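Trainee: Could you walk me through the aromatic rings in this structure? I am new to it.

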Amino acid sequence: MSGPHIRGRAIRPKSQAELETMRHAGKIHARTVARLREAIEAGVTTADLDRIAEAAIREAGAEPSFKGYRGYPATICASVNDVVVHGIPSEMELLHDGDILAVDLGVEWEGYHADGAFTVGVGEIDDESRRLIDVTRAALDAALVQVRPGNTIRDIAQAVQGHVEAAGFSVVRALVGHGIGAALHEPPQVPNFVDGSGGVYGVELVPGLTVAIEPMVNAGAFDVVQDADGWKVRTRDGSRSAHFEHTVAVTADGCRTLTAP
Ligand code: MF3
Ligand code: CO
């Protein structure tokens with residue numbers, strides 16, 4: 001079979017029209033992120049942030065991708081300190097000086113999705129937390145450099161893992177990035193670590209392929225545990241975790257970041 005495929009099934013690259021629709025979703029995503037960044041400070045609740053994000057998305061005529069997805073109840077995931085991903089916003093959850101907060105959100109515009117996440121410190125944060133955030137963002141940047149025709153999913157995984165482990169942190173194994181388009185999650189999976197050579201690692205990056213690349217990085221060990229609420233994922237050792245994500249398209253000569261400002 002020619003072209004990218006996984007387990008005998010073709011992965012269809014997006015048309016130019018589909019890519020422009022996704023870019024529009026991505027612009028709304030970026031504007032929502034900018035509003036959230038301004039609002040994040042000690043004393044704000046994660047429910048406040050959820051309202052800000054939902055209003056920004058709906059004012060733009062779009063819809064939150066996550067709300068209702070597999071029963072998820074909110075617009076954003078707000079993951080504080082040792083929460084890796086999928087923290088449900090709450091009126092009871094106040095941000096405090098020294099916390100780190102990862103915000104993940106999806107925007108649906110005319111049936112297509114843009115997905116992205118960022119992590120910030122609240123007020124003054126300790127040096128290790130600062131380094132964790134910087135290393136995770138740089139790991140995503142290192143992955144974006146690998147996005148070009150001729151490379152494979154393995155190049156993305158290797159770039160993230162290499163960057164993170166050289167800094168002494170660990171890459172979460174239990175959760176991965178993904179293809180994206182008319183569905184929030186499409187094939188191929190996009191792991192942030194290399195494990196073997198078959199399966200998804202050989203999937204070729206061809207122009208029009210759209211993926212959400214999302215390193216999740218723990219300050220301690222990579223093991224995670226599922227919280228009793230059925231959503232929240234925490235580090236097993238209680239160490240802090242950071243998360244960055246962009247939705248990108250493979251172009252003729254590289255990478256277009258659809259969720260870029
Ligand atoms: N952003 C998550 C992802 O990257 C999806 C969150 S799941 C949801 O795949 F249920 F919260 F939507
Ligand atoms: Co995602």
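Mentor: Gladly! Keep in mind that this is a predicted model. Let's start with tryptophan 231, which has a relative accessibility of 21%.

Trainee: Does tryptophan 231 count as buried, exposed or partly exposed?

Mentor: Buried means under 20% relative accessible area, and exposed means over 50%. Tryptophan 231 has 21%, so the residue counts as partly exposed.

Trainee: And what is the relative accessible area of tyrosine 72?

Mentor: Tyrosine 72 falls under the 20% cut-off for a buried residue. Its relative accessible area is 3%.

Trainee: How are the rings of tyrosine 72 and tryptophan 231 arranged, stacked or edge-to-face?

Mentor: A pair of aromatic rings is described by the distance of the centres and the angle of the planes. Here the centres are 4.8 Å apart and the planes stand at 80°. Planes over 60 degrees apart count as edge-to-face, so the pair of tyrosine 72 and tryptophan 231 is edge-to-face.

Trainee: Which residues do ring pairs link into a cluster?

Mentor: The whole structure has two aromatic pairs. Besides the pair above, the rings of phenylalanine 66 and tyrosine 72 have centres 6.5 Å apart and planes at 85°, so they are edge-to-face too. The cluster is made of Phe66, Tyr72 and Trp231.

Key
Residues are numbered from 1 along each chain as its sequence is written. Chains are lettered from A and ligands numbered from 1 in the order in which they are written. This is a predicted model: local features need pLDDT of at least 70, side-chain atom pairs count only at pLDDT 80 or more; totals for chains, interfaces and linings use all residues. Side-chain values use heavy atoms; hydrogens and water are left out. Rings of Phe, Tyr and Trp (its six-membered ring) pair if their centres lie within 6.5 Å; planes under 30 degrees apart count as stacked, over 60 as edge-to-face and the rest as tilted. Buried means under 20% relative accessible area, exposed over 50%, partly exposed in between (1.4 Å probe, protein chains only).
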